[in-house]
Amino acid sequence: MKACVRGAAVAVIAAATAAALAACGDGGGNDSGEGNGPRIGVLLPDATTARWETNDRPLLDQQIKELCADCEVEHANAKSDVAIQQAQMDSMIAEGVDAIVLVAVDSRSLRPTVAKADEAGIPVIAYDRLAEGPISGYASFDGEEVGRLQGRALLRAMGDGAADKRIVMMNGDPSDPNAVSFKKGALSELEGKVEISKQYDTRQWRTEVAHMNMSGAISALGADNIDGVYAANDGLAAGSISALKANKVDPLPPITGQDAELGAVQRIVAGEQYMTVYKPFAPEASAGAALAVAAARNESLDRVAEDTVRTSTGSTVPAVLLTPVSVTVETIEDTLVKDGVYTIRQICTPQLDAACARAGLT
Ligand code: GAL
């Protein structure tokens with residue numbers, strides 16, 4: 001219905017009332033004048049973590065277009081600012097998009113805006129992060145499993161006798177429910193097996209905050225007393241590594257990560273980072289796109305999603321929950337290269353020639 005009103009408004013302006021009204025039926029519409037297909041808004045959280053703009057955005061576009069050739073996609077990136085994301089979402093609601101894909105900067109703060117979309121009849125698909133409020137569907141990974149993979153890998157990397165080992169934990173932003181799940185999963189592996197000497201939460205997942213916190217940990221504990229670093233994602237791993245290097249720590253202790261960023265994969269080859277968690281981008285984007293297209297067309301989401309998730313409002317909504325994959329130097333080829341995320345050429349820059357040859361990446 002909303003779509004029809006918009007279609008009609010365009011038609012009046014274009015003085016083509018009859019044709020536009022005829023086109024205004026079951027498929028939604030838009031006021032861009034470029035077509036009559038459903039309009040989908042994609043709200044990304046930040047430019048700090050590479051994946052959102054580098055992987056998720058183009059893949060979501062591509063997958064939405066594949067499922068719905070006449071769909072229009074509109075993006076916005078909040079650059080880590082809650083107020084900006086609220087304003088971006090408000091303006092999509094005002095425009096009357098047919099569905100919104102949301103990666104919330106801060107799940108709780110976005111809740112009233114999600115409720116506003118719902119009141120306006122616009123379904124919200126929570127993408128990767130479980131947004132609070134009346135969402136219609138969710139596409140993501142098992143976050144606790146991400147943490148368990150990281151925790152187990154760190155124990156393995158530190159070797160036998162981990163009981164006397166001391167680690168520093170660089171957790172993500174606690175306003176991101178995923179960060180809470182990653183931490184919970186990691187602690188389930190690490191607690192009681194190692195000494196957790198220091199733990200930090202990292203505001204907005206910022207690399208420079210991790211760098212600062214790691215510098216503080218080194219001064220407080222002494223570099224020799226850090227046997228391993230749990231970093232919740234690759235940005236935090238990068239910040240931790242730069243602080244360790246600035247303090248001339250050599251060799252570096254094992255460090256975990258997540259997101260399979262190109263820089264992290266290169267650090268893994270170079271021996272600076274022990275692992276990353278790869279959450280295959282294409283299946284996540286394809287699930288997010290399928291949910292969004294079905295929602296925009298007013299179709300049932302149950303056909304798209306096999307799982308369900310309980311939302312903050314207490315209701316249960318269709319969800320796609322995928323399985324994360326641990327990647328170390330031994331498995332880069334069988335995972336990231338095989339899936340076409342990176343070619344060996346992209347990973348193996350001239351500076352990494354020798355390391356790549358040692359890793360069998362040729
Ligand atoms: C999480 C996401 C991770 C990571 C992090 C920082 O919600 O699951 O993949 O990118 O945010 O943006």
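A polar contact here is a pair of N or O atoms within 3.5 Å; within protein, one of the two must be able to donate a hydrogen and the other to accept it, and residues adjacent in sequence count only if both atoms are side-chain atoms. With that in hand, let us look at the ligand and then at the fold around it.

This is a predicted model, in which local features need pLDDT of at least 70 and side-chain atom pairs count only at pLDDT 80 or more, while totals for chains, interfaces and linings use all residues. Residues are numbered from 1 along each chain as its sequence is written, and side-chain values use heavy atoms, with hydrogens and water left out.

**The ligand and its surroundings**

Around the ligand there are 14 residues, of which Asp 128, Arg 129, Asp 176, Asp 259 and Lys 279 come nearest (a residue is near a molecule or strand if one of its heavy atoms lies within 4 Å of it).

| Residue | Distance from a polar side-chain atom to a ligand oxygen atom |
|---|---|
| Thr 49 | 3.1 Å |
| Arg 129 | 2.7 Å |

Taken alone, the ligand exposes 310 Å², and the protein buries 100% of that. Such accessible areas come from the Shrake-Rupley method with a 1.4 Å probe; for residues, only the protein chains shown count as cover.

**The chain as a whole**

You will find 14 helices and twelve strands in the chain. Helices (H or I, at least four residues) and strands (E, at least two) are DSSP runs, numbered from the N terminus. The accessible surface of the chain comes to about 15000 Å², and 51% of it belongs to carbon and sulfur atoms. Of the 362 residues in the chain, 52% are buried, where buried means under 20% relative accessible area, exposed over 50%, and partly exposed in between (1.4 Å probe, protein chains only). Among the contacts in the chain with a separation of 6 or more, residues 24 or more positions apart account for 69%; contact means heavy atoms within 4.5 Å.

**The seven-stranded sheet**

Seven strands make an open sheet with mixed pairing, in the order β2-β1-β3-β4-β5-β11-β10. Two strands pair if DSSP finds at least two bridges between them. At the edges are β2 (72-77) and β10 (307-310), each of which pairs on one side only. From one strand to the next, the twist averages 25°. Axes are lines fitted to C-alpha atoms, for helices over the stretch in contact, and angles run from 0 to 180 degrees between N-to-C directions.

Within this sheet, β5 (residues 137-141) and β11 (residues 316-322) run parallel and are joined by four bridges. Phe 141 stands opposite Leu 322 in β11. Helix α4 (residues 82-95) lies across β1 (39-44), β2, β3 (99-102) and β4 (124-127), and runs at about 175° to β1.

**The three-stranded sheet**

A further open sheet has three strands in the order β7-β6-β8, with parallel pairing. β7 (195-201) and β8 (228-231) each have a single partner strand, so one side of each is left without a neighbour in the sheet. Neighbouring strands here are turned by 15° against each other on average, direction ignored.

Strand β6 (residues 166-171) runs parallel to β7 and is joined to it by six bridges; the bridge partner of Met 170 in β7 is Tyr 200. Two helices lie across β6 and β8: helix α6 (residues 143-158) runs at about 170° to β8, and helix α9 (residues 234-246) runs at about 150° to β8.

**Three buried helix residues**

Gly 147 is found in helix α6 and is buried, with a relative accessible area of 0%. Leaving out residues up to four places away in sequence, Gly 147 touches Phe 182, Gly 185, Ala 186 and Tyr 230.

Thr 113 sits in helix α5 (residues 111-119) and counts as buried at 5% relative accessibility. Beyond its neighbours within four places in sequence, Thr 113 is in contact with Gln 86, Met 89, Asp 90 and Ile 93.

Ala 290 belongs to helix α11 (residues 281-296), and at 18% relative accessibility Ala 290 counts as buried too. Ala 290 and Glu 66 are 224 residues apart along the chain, yet their C-alpha atoms are separated by 9.7 Å. Not counting residues up to four places away in sequence, Ala 290 touches Leu 67 and Val 304.
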